[in-house]
Amino acid sequence: MKRFAVSFLGHFPQLSSYHHHLGSSPNCSPMFLNRFLSQTLLCSSSTDTRPFPDYSPKKPTIRDSEFAHQITSTIKLRRFEPLPRILKPYESKFQSNHLIWVLMKIKNDYGLVLDFFEWACLRRDPTLEVRSIVVQIAVASKDLKMARWLILDFWRKPNLDVSLSFTHFVEQLLYTYKDWGSDPNVFDVFFQVLVEVEMLDEAMKFFDKILNYGVVISVDSWNLYLSRLPDNLHGCWKAMKVFIELPQVGVCWNTASYNILIHLFCQLGKIKDAHLLLLQMEFRGCIPDVVSYSTIINGYCHIGELQKVLRLLREMQIKQLNPNPCTYNSIIHLLCKMGKVVEAERILREMINEGIYPDFVVFSTLIDGLCKRGNLSAAYMLFHEMQRWRIMPDLLTYTSLICGFCQIGNMIEADKIFHEMCGRGLEPDEVTCTALIDGYCKVGKMKDAFLLHNQMVQVGLVPNVVTYTALADGLCKSGELDTANELLHEMCGKGLQLNIITYNAMVNGLCKAGNIVEATKLMEDMEVVGLNPDTFTYTTLMDAYCKAGDMSKAQELLQRMLDRGLQPTIVTFNVLMNGFCMSGMLEESERLLKWMLDKGITPNAITYNSLMKQYCIRNNMCATTAVYRGMCAQGVLPDSNTYNILIKGHSKARNMKEAWFLHKEMVGKGFSLTPSSYNAMIKGYLKRKKFLEASELFDEMRRQGLIVDKEIYDLFLDIKL
């Protein structure tokens, strides 16, 4: 056999020029495919094929020949009678060689071959030669299923010496090929069975062996081999080696072959390499199909490459390939993960319009995404739509909705869904129960939270750290710090380790109760047990000091936080801003705002609101307006609180035109005046003697069921009198 070198770069001549189309991928280090293609390996090819051996069984004696003839005549003449009955007289003298001699006489009668072979197997285990003969006859008779079973049955035998048995079986298969079938499909069947029983190394040895006889395994068999390679780096290298070598010996890869390799690359996170293979397919004459694109789209979705996903979708549209449910689900999952739930729902509608029925995974993914974004009304509508499609929600779907309603404090709906779930025979798990317990704690229903905790334990569910943390947080917010401490001791007694969230809940509870000393001590205890306070811990304590008017302590904490390499959040800066403003330290507030802007930290509406509120309290509307203009110049959108602060400030200063304009603008944006803002505007109009405008606002306020100040009510009574 001749051996020659094949250059990988020669096999993939166009790949390098297409790298720029793909961009960079966070999960792909220097290109795996390029590293592989830059190497050269040897592959086998055959110029002179070896002939198959002639079959030469042991020659029978005259007596043996006569005995085989008697059996053959009997089973042919009495073929419709049970073989055990008609062959009973021959059983005592029957030997393995007799089986072969009889098969030689009946090999063209496939049904009789199977019946006789079955009868013989019940008496003694067939030799590999006999088994190979029947396999050859089965393949020649186009009964590949029987041939596969006969080979598989052999490999299922216990205590086989695999190496020795493999060698013997291959020898017998080659030995019996020429005279018993001569159908090359037999080698495909044998190869496929080796792959199915995970004898991948033996399958490669078998291929090398039969290649010497000019036989090439079919591409479908090689696809099976590729699909069974492990999803690891070793499996990937082996797949690439096979993929590059085999075309040199006559294997023509098809679209399914490329799809298997693309899937393997994607499983390893090498999406860029997979994309290169997609390009290579067309150069090699294989047309990518929906599976090709869907696999790569799914890979890019997993690493968050939305733009590449959209580009591939456009390619599919150009090639008139319709995305399948897997494609849509991957895209919906990515969009939900990125918080783009509106776009995800649009994809769902597009999917339905294309006549593709969404499955359970699509609905559940989108419902979970909507719940996490707080859009419970849309999630609930989708939940009902899912059932109209006769797709029954499971525990995960119900849990997503329960978590969503608990997060916004709507425990009535959360309870309703929980009971509906139980009514359908679905048993809640620790996650579901913990979500409900957390919801109860958030709204102060500690009795209900502990009742559910006890029910959890009774049905065998084990409360975890998250469960206990939710309960401790609820107790702290209710001011029951001693009970919270007892609960945490119980938790430690059960072998559960307190985590940063648990400690933060306790620190927050102590701060809300005004016990800053104990909160500071608890933060120190965290470090003793090996837990480092995080940004939330420091921000909570800073907020407590700010509210207590101790700004020096708050600033010390900020400095300590920065020294430890922790990055303050916008919440941290808002806490400081509010503290400076409440302490009347407006110059420090302005300096903090300037420092944030200089450092590229974008303030939000809450930051500006704290400053504007203090200027309004001091009747300094010029400074208030300057802050507001600066806020708008930074692209920060005013919120409801912004408008209410400005309206109250301008009304107090009797700048009613500005107040009226701001009122009109906020209503146009969907915001509403608070009762105190209504009262401020009405007073401002009355002081300006604009009774009609004041009366209109007074009536509007009453229509909305808002409480009017007694002072204003008395003024209107005086006016009417």
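A charge sits over a ring if NZ of Lys or CZ of Arg is within 6 Å of the ring centre and within 35 degrees of the ring normal. Lys-107 meets this test: its charged end sits over the ring of Trp-180, 5.3 Å from the ring centre. The charged end of Arg-50 sits over the ring of Tyr-213, 5.5 Å from its centre.

This is a predicted model, in which local features need pLDDT of at least 70, side-chain atom pairs count only at pLDDT 80 or more, and totals for chains, interfaces and linings use all residues. Residues are numbered from 1 along each chain as its sequence is written, and side-chain values use heavy atoms, with hydrogens and water left out.

**Core and aromatic residues**

The largest nonpolar core has 229 residues. A nonpolar core is a set of buried Ala, Val, Leu, Ile, Met, Phe, Trp, Tyr and Cys residues joined through side-chain atoms within 4.5 Å. Buried means under 20% relative accessible area, exposed over 50%, and partly exposed in between (1.4 Å probe, protein chains only). Within this core, Phe-116, Phe-187 and Phe-206 touch the most other members.

Which residues does Phe-187 touch, not counting residues up to four places away in sequence? They are Phe-52, Leu-173, Leu-174, Tyr-177, Phe-206, Ile-210, Val-215 and Ile-217. Contact here means heavy atoms within 4.5 Å. Phe-187 also belongs to one aromatic cluster with Phe-52, Phe-154, Trp-155, Phe-169, Tyr-177, Phe-190, Phe-206 and Tyr-213.

The structure holds 28 aromatic pairs. Rings of Phe, Tyr and Trp (its six-membered ring) pair if their centres lie within 6.5 Å; planes under 30 degrees apart count as stacked, over 60 as edge-to-face and the rest as tilted. Phe-191 and Tyr-225 form a tilted pair, because their planes stand at 40°, with ring centres 6.2 Å apart. Phe-191 lies in helix H10 (residues 185–196) and Tyr-225 in helix H12 (residues 219–228), so the pair ties together parts that are 34 residues apart in sequence. Helices (H or I, at least four residues) and strands (E, at least two) are DSSP runs, numbered from the N terminus. Phe-191 counts as buried at 0% relative accessibility, and Tyr-225 does so at 1%.

A second pair, Phe-243 with Tyr-258, is edge-to-face: 4.9 Å centre to centre, 85° between the planes. This pair links distant parts of the chain, 15 residues apart: Phe-243 is in helix H13 (residues 233–245) and Tyr-258 in helix H14 (residues 255–267). Both residues are buried.

**Helix H16**

Helix H16 (residues 290–302) has 13 residues. The expected span of a helix is 1.5 Å times one less than its number of residues. For H16 that gives 18 Å, and its end C-alpha atoms are 18 Å apart, which agrees. Its buried residues include Ser-292, Tyr-293, Ile-296 and Tyr-300. What covers the buried residues of H16 includes H14, helix H15 (271–283), helix H17 (306–318) and helix H18 (325–337).

Asp-289 caps the N-terminal end of H16, with a side-chain oxygen 3.1 Å from the backbone nitrogen of Val-291. Just after H16, Gly-304 takes a positive phi of about 75°.

**Helix H34**

Thr-607 is found in helix H34 (residues 605–617). Is Thr-607 buried or exposed? Thr-607 is buried, with a relative accessible area of 1%. Its side chain makes a polar contact of 2.4 Å with that of Asn-574. Another, of 3.0 Å, joins the side chains of Thr-607 and Asn-604. A polar contact is a pair of N or O atoms within 3.5 Å; within protein, one must be able to donate a hydrogen and the other to accept it, and residues adjacent in sequence count only if both atoms are side-chain atoms. Not counting residues up to four places away in sequence, Thr-607 touches Ile-570, Asn-574, Met-577, Leu-593 and Met-596.

Ala-605 is also in helix H34. At 9% relative accessibility, Ala-605 counts as buried. Leaving aside neighbours within four places in sequence, Ala-605 is in contact with Met-631, Val-636, Leu-637, Asp-639 and Thr-642. The C-alpha atoms of Ala-605 and Gly-668 are separated by 18 Å, and the two residues are 63 residues apart along the chain.
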